[in-house]
Amino acid sequence: MTDRITLRAFFGDAERAFTLTDPMLTELERLTGLGTGALYTQLVNMAFPVQVLAQVIRLGLIGAGMTPEEAKHLCAAYAENRPLAEVFPLAFAILDARWSGVEVKP
C-alpha cells in the first residue's frame, strides 16, 4: 500500500506517479552515501549535491512502476542540464511525500 507515499505530478510531457519505496530509498542511500534523513535535511537547507535531484526523480519513477530504462530516458530529457529551479521542486516533493506522506483522496 503506497498510496500515502505516492506523489502525482507533471514531469516531462504528462502527469506521472513517483514513489520512493523502501528498495528505492536504499538505492538512493547507496548512490549518495547518505541516509534518508541527511538527504532530506540537505534538500530542506538547499545544501545538496546536484546529482541528487535527478536520482530522486528517477528512483521515484521506478518505485511507481516505470521501467528503469524509461525513467533514465525521461530524466536525461527533462531533469539533467535544466535550471535547478525547475528540477528542485519536483525532487523535493517526491522526497517529502515519503517523509511526510500525501493526502489520499477518497
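On a 1 Å grid over the protein atoms alone, a pocket is an open set of points where a 1.4 Å probe fits, with protein on both sides within 12 Å along at least five of seven lines. The model is predicted, with local features needing pLDDT of at least 70 and side-chain atom pairs pLDDT 80 or more, while totals for linings use all residues. Residues are numbered from 1 along each chain, and side-chain values use heavy atoms, without hydrogens and water.

Lining residues have an atom within 4 Å of a point; here they are Asp3, Thr6, Leu7, Arg8, Val102, Glu103, Val104 and Lys105.

Turn next to the helices, which are DSSP runs (H or I) of at least four residues, numbered from the N terminus. Helix 3 (residues 51–63) and helix 4 (residues 68–78) have axes, lines fitted to C-alpha atoms over the stretch in contact, that come within 9 Å. In their contact (heavy atoms within 4.5 Å), helix 3 supplies Ala54, Ile57, Arg58, Leu61 and Ile62, and helix 4 supplies Pro68, Ala71, Lys72, Leu74 and Cys75.

There are six aromatic pairs, meaning rings of Phe, Tyr and Trp (its six-membered ring) with centres within 6.5 Å. Tyr40 and Trp99 are stacked (planes under 30 degrees apart) because their ring planes lie at 5°, with centres 4.4 Å apart. Tyr40 belongs to helix 2 (residues 36–44) and Trp99 to helix 5 (residues 84–100), 59 residues apart.

Definitions and conventions. Axes are lines fitted to C-alpha atoms, for helices over the stretch in contact, and angles run from 0 to 180 degrees between N-to-C directions. Helices (H or I, at least four residues) and strands (E, at least two) are DSSP runs, numbered from the N terminus. Rings of Phe, Tyr and Trp (its six-membered ring) pair if their centres lie within 6.5 Å; planes under 30 degrees apart count as stacked, over 60 as edge-to-face and the rest as tilted.
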